[in-house]
Amino acid sequence: MLVHPHRYDPERFDAETRRLLRATIDWFESRGKRKLVADYHAKTFYQDFLDFVADEAIFSTFLTPARDAAGNPGRRWDTARVAAMSEILGFYGLSYWYAWQVTVLGLGPVWQSDNATARARAAQALEAGGVAAFGLSEKEHGADIYSSDLVLTPDGKGGYRANGSKYYIGNGNCARTVSVFGRIDGVEGPDQYVFFYADSEHPNYHVVKNVVPSQMYVAEFRLDDYPVSEEDILQTGEAAFSAALNTVNIGKFNLCFGGIGLSTHALYEAITHAHNRILYGAPVTNFPHVRTGFVDAYARLIAMKLFSDRAVDYFRSASPEDRRYLLYNPVTKMKVTTEAEKVVALLGDIVAAKGFEVEGYLPLAKTDVTGLPKLEGTVAVNLALIGKFMPAYLFDPREYPPVPTRTDAADDEFLFRQGPARGLGKIRFHDWRATYGRFAKVPNVARFTEQAEAFAELMRTAPPDADQQGDLDLTLAFGELFTLIVYGQLVLEQAEITGLDDDVLGAVFGVLIRDFSGLAVALHGKRGSADAQRTWAVSALRAPVVDVEAFERVWSQVVALSGAYAMKP
């Protein structure tokens, strides 16, 4: 289930996709770990990686929708293989993953546009080896799209002149396709919003600086009387507003797979070190707390992978009649990325001082993993979004045809015609209880199901009242508890598809039980909690079912990873 570079051959994909994924791994492995780590610490810009991407036409193959591919049969927007590439790039470092990620974001408004000229221009730029950038956020407003200070002024000739700055724009130093969000001067209300196409090589486009101390170039750029013609306009009005939100819906999904790749590499390095480290005459892994930490990290990583892989299927099967992906998407962003933080923190605690040495991958992982929950909307923003789906999910299920595993070579064109970013409360979900019920024989699944049912009962009998709903700190606590139920459902669905053994599944749900109990305790201590909610919190506490033999069998899977992979020097 975990990426292993020396044995990687994703047979589920077509031959060209497999070749490009394998070529990406081979490129990193041929450079070796010393080069990877040295460039990271020296903050060396990854131009050699961008040159490799251009030579192999990777971005143009993976990120050009079929309608803009000029008949090239290998080019399509296929979420399954986009996820696979995100995982591989995360495995070798979030700097490389970031160049890919912001290209995905930068292309979002273009591929959603009806401007055929702009789409052709972006496709040609990709084919020439270019990258893209998403010019949304600003220094004073962040990604608050209601408050843009980048202004387009009519030039009297049917076009505009754009003036203003953008801040924290990945690839903003070199992207030939920059989707820039702004507002039209003198226009009020939704009609003022606009997305337009810019090019970093235009003389009126000025790169100010890199705003982060990193290999990544995260630009501040300024437009001074930048000419914007009708052919450069991607969207206006409410369509521009929706394009911003829908682009983030597409792009933030990749964060989970970046975190999975990073955590997987960290696990290989940590278990190999710890199992071969002798203290007091025995391997470090003989200590019970070390084994517990590794099994916890492994279980969390397996859950991350299960949930995210299953979410791919809902993305690829989405339609105007089935928008369940709009819940699973912020869960991948909020939950899987914070789980990556927990995995790396557990591994860092185990390896201790080794996790700070300059030659290792772990120091990179420990530094960079903290960024994932903060990109494309903070944890709080995504939790608030998740909460909008709670009533329909818990209490109003409907029947849907089964969603199959989707690794077919299809173009996911619906992602670029998602439509207005509203109506979330009308989305319905399939019955979560039915999924949980199929695994009642696994003791820890049954015990977590008790907690999920208890939460549903709390939402029936003592939900947040009108005053409490205005307390974001409190509503986020409810949102985290709810998220665990959604997370567990897709974990179970993918476990069923993959035939995951009950020992590992029990370990996964042992983690979820402990996390749910911890969140219940946190709710109990909130200033805004009502007495009935505090009483519920205590009643919902559970401990995982103890099965010593099952733990040892999971531990045997973890320790088998010792020496299984080490990046070539």
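Predicted model: local features only at pLDDT ≥ 70, side-chain atom pairs only at ≥ 80, totals over all residues.
Is His 430 buried or exposed? The relative accessible area of His 430 is 14%, and because buried means under 20%, this residue counts as buried.

A polar contact of 3.2 Å joins the side chain of His 430 to that of Tyr 314, and another, of 3.1 Å, joins His 430 to the side chain of Gln 489. When neighbours within four places in sequence are set aside, the residues in contact with His 430 are Tyr 314, Arg 324, Tyr 328, Pro 397, Arg 398, Tyr 400, Gln 489 and Glu 493. Two of these residues, Arg 324 and Tyr 400, also meet one another: Arg 324 lies over the face of Tyr 400, at 3.8 Å from the ring centre.

How many aromatic pairs does a search of the whole structure find? The search gives 39. One of them is formed by Tyr 205 and Phe 221, which are stacked, with 4.5 Å from centre to centre and 20 degrees between the planes. This pair links distant parts of the chain, since Tyr 205 belongs to strand β6 (residues 205–210) and Phe 221 to strand β7 (residues 218–228), 16 residues apart. Both Tyr 205 and Phe 221 are buried.

Why is the pair of Phe 448 and Phe 516 called edge-to-face? The ring centres of Phe 448 and Phe 516 are 6.0 Å apart and the planes stand at 90 degrees; because an angle over 60 counts as edge-to-face, the pair receives that name. This pair, too, links distant parts of the chain: Phe 448 is in helix α15 (residues 443–461) and Phe 516 in helix α18 (residues 502–524), 68 residues apart. Phe 448 is buried, with a relative accessible area of 0%, and Phe 516 is likewise buried at 0%.

Ring pairs can also join up into a cluster, as they do for Trp 27, Phe 28, Phe 45, Tyr 46, Phe 49, Phe 52, Phe 91, Tyr 92, Tyr 96, Tyr 268 and Tyr 565.

Key:
Residues numbered from 1 in each chain as written. Heavy atoms only, no water. Phe/Tyr/Trp six-rings, centres within 6.5 Å; stacked < 30°, edge-to-face > 60°. Helix = DSSP H or I, 4+ residues; strand = E, 2+ residues; numbered from the N terminus. Buried < 20%, exposed > 50% of the residue type's maximum accessible area, 1.4 Å probe, protein only. Lys NZ or Arg CZ within 6 Å of the ring centre and 35° of its normal. Polar contact = N/O pair within 3.5 Å; in protein donor to acceptor, adjacent residues only side chain to side chain. Contact = heavy atoms within 4.5 Å.
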